[in-house]
Amino acid sequence: MPAVRLHRVAVLVLEGAKPLDVGIPAQVFTTRASMPYEVRVCGAAPGLVTGGDGLSYHVAHGLEALEWAEIVFVPGYRFPDREDPPPAVVAALLAAHERGARLAAISTGAFALAATGLLDGRRATTHWHYTRALAERHPLVKVDENVLFVDEGSVLTSAGAASGIDLCLHILRGDLGVAASNHAARRLVAAPYRSGGQAQYVPRSVPEPLGERFAATREWALHRLAEPLTLDALARHAGVSARTFSRRFVEDTGYTPMQWVMRARIDTARELLERSERSVEQIADDVGLGTGANLRLHFQRILGTTPSDYRRTFTRGE
């Protein structure tokens with residue numbers, strides 16, 4: 001049996017790096033049977049890197065790791081608005097991108113990507129506390145402060161640390177499919193998907209019991225995707241009015257209830273396409289979309305491809 005090719009991931013630790021930001025990609029992509037990735041943690045040079053929040057890191061690799069990597073994560077670091085990373089770091093990021101590597105920033109790591117000029121003219125985000133500073137320091141960047149992450153293809157940015165998990169799961173879905181992403185989310189005890197367009201924070205408090213009820217309703221719906229799921233049915237399960245449910249649901253997930261149901265159905269269809277031999281018609285019935293034509297319509301609208309092409313992409317060993 002041929003060996004599985006490992007995707008190469010570098011985590012670039014800069015001075016003042018935030019511990020959680022460093023840990024997220026290192027943990028999500030660490031090599032295991034279910035995760036065909038190899039991770040190298042690096043710095044501007046091998047050795048000790050002074051981190052933030054009282055921690056330091058001993059990294060085994062220098063910038064040569066960026067020559068090797070297919071994905072480079074740049075975790076957030078302290079005082080990113082004061083000065084750019086060292087010129088050698090900026091040059092190494094540019095060279096990695098020119099070789100075809102994807103660059104992904106977590107939180108204030110976006111400042112390091114902005115220093116390369118690669119975000120000029122592109123949408124990007126960072127931690128809400130620094131969005132204004134990013135826009136002022138790099139006025140050509142289209143800073144969006146109201147999203148969890150932004151995918152611009154070869155450069156990706158995310159907001160605060162927790163949204164780094166969302167970004168990593170988003171990358172996993174693209175690389176390995178929904179089944180692998182959902183498996184990783186379960187291992188992390190994280191939401192399997194949140195909208196990249198969800199606001200970074202809700203400006204007013206949502207009562208915790210209501211948040212728990214909404215989570216229970218989403219779980220209830222995921223087990224009933226084959227059944228008719230209406231706004232009234234969802235609101236009735238949550239014990240609130242349809243109007244209240246709709247408003248709070250958008251704040252909680254970034255989707256309207258019906259958008260969320262459709263995404264859940266499409267993601268379940270993706271997993272069935274990846275892991276089963278059921279026909280498109282059978283899968284459409286399994287996920288509550290009725291007909292293969294309906295599944296194809298929504299699949300194309302949301303993912304820009306067909307169920308058959310998607311299955312060919314993610315079927316292993318053929």
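Author: A helix is a DSSP run of H or I with at least four residues, and helices are numbered from the N terminus. The model discussed here is predicted.

Reader: Why are F245 and F249 separated by about one helical turn?
Author: Both residues belong to helix α10, which covers residues 242-253. F245 and F249 are separated by about one turn of that helix because their spacing along it is four residues.

Reader: How many aromatic pairs does the structure hold, and which kind is the pair of F29 and Y37?
Author: The structure holds seven aromatic pairs. In the pair of F29 and Y37, the ring centres are 4.8 Å apart and the planes stand at 70°. Planes over 60 degrees apart count as edge-to-face, so the pair of F29 and Y37 is edge-to-face.

Reader: Which residue lies over the face of W68?
Author: The face of F79 has R82 over it, at 3.7 Å from the ring centre. For W68, the residue over the face is at 3.9 Å from the ring centre, and that residue is R40.

Reader: Which residue in the turn between β3 and β4 has a positive phi?
Author: Strands β3 (residues 47-50) and β4 (residues 56-59) run antiparallel and are joined by four bridges, with T50 standing opposite S56. The two strands form a hairpin with five residues between them, and the residue in the turn with a positive phi of about 60° is D53.

Notes: Residues numbered from 1 in each chain as written. Predicted model: local features only at pLDDT ≥ 70, side-chain atom pairs only at ≥ 80, totals over all residues. Heavy atoms only, no water. Phe/Tyr/Trp six-rings, centres within 6.5 Å; stacked < 30°, edge-to-face > 60°. Lys NZ or Arg CZ within 6 Å of the ring centre and 35° of its normal. Pairing = 2+ DSSP bridges.
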